[in-house]
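Dear colleague,

I am passing on the structure we spoke about, followed by some notes on what was found in it. Please read them beside the coordinates.

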Amino acid sequence: MLPRLAPRRLAPRPRALAAAAAPLSATAEGLLAPPAFKIAVYPGDGIGKEVTAVTFRLLDQLQRRHGFALDCTWYDWGCDYYDKHGKVVPDDFLDVLRPYDAIFLGAVGFPSRVPDNETLQPLIDMRQGFDQYVCLRPARTFPGVRTPLAAQPELDLFVIRENSEGEYVSSGGRFKRGTPDEVATQTAVHTRKGVERIAGQSMSQRR
């Protein structure tokens, strides 16, 4: 089995990277080739680039150790792309991402360069466009690695959050803009389907 490489569920496509290893395929020479996964790499901004670079050093080791291959395409979307084109991603970026098996997203946002409402919008578009409704965040401690927690407890848990509804739905507005009486409203939208399926995912992880 492949290790879990990404906490987000990608559906209907791209699929999650955390999938069972596909059967080995035969090459022209009759040898068995390792299963390959097409990955779109979106490092993002700031620390996202640093985290992504280090993570792929680890993934290179995992590919050799566990016998699988990652066919990665890197995209320079984010603040650097905004400086050149006036937008953080191309207009058809969802279509660009759709054929991939998974998306590796570093971190987006650099408010001193580009407002968050610009840099975060593609993230919301991906979640809703690909129905990535599960935000799955493992939290685990490792022997010999200290944590910021004073008691150094052993942890092995998942934090599961609905990823496409709630505050991610643009349902609100501003009244009397630019005046001392300005009022802003934001309504969280939770559908029965959305609540039931994220609760179901949580229970399935518990089992």
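Is Asp101 buried or exposed? The model is a predicted one, and in it Asp101 has a relative accessible area of 10%, which lies under the 20% limit for a buried residue, so Asp101 counts as buried. This residue sits in the loop that runs between helix 3 (93-97) and strand 5 (102-107), and its side chain comes to 2.7 Å from the backbone nitrogen of Lys38.

As for the protein overall, there are six helices and nine strands, and 30% of the 207 residues count as buried.

With 15 residues (192-206), helix 6 reaches 21 Å from its first C-alpha to its last, which is close to the 21 Å expected at 1.5 Å a residue. Its buried residues are Gly194, Arg197 and Ile198, and because they cover an arc of only 95 degrees around the axis, they lie on the same side of helix 6. In general, an α-helix has 3.6 residues a turn, so residues three or four places apart point the same way. The buried residues of helix 6 pack against strand 6 (134-140) and strand 7 (156-162), whereas the face turned away from that buried side carries the exposed residues Arg192 and Arg206.

Note on methods:
Residues numbered from 1 in each chain as written. Predicted model: local features only at pLDDT ≥ 70, side-chain atom pairs only at ≥ 80, totals over all residues. Heavy atoms only, no water. Helix = DSSP H or I, 4+ residues; strand = E, 2+ residues; numbered from the N terminus. Buried < 20%, exposed > 50% of the residue type's maximum accessible area, 1.4 Å probe, protein only. Polar contact = N/O pair within 3.5 Å; in protein donor to acceptor, adjacent residues only side chain to side chain. Expected span 1.5 Å × (residues − 1). Arc of directions from axis to C-beta. Contact = heavy atoms within 4.5 Å.
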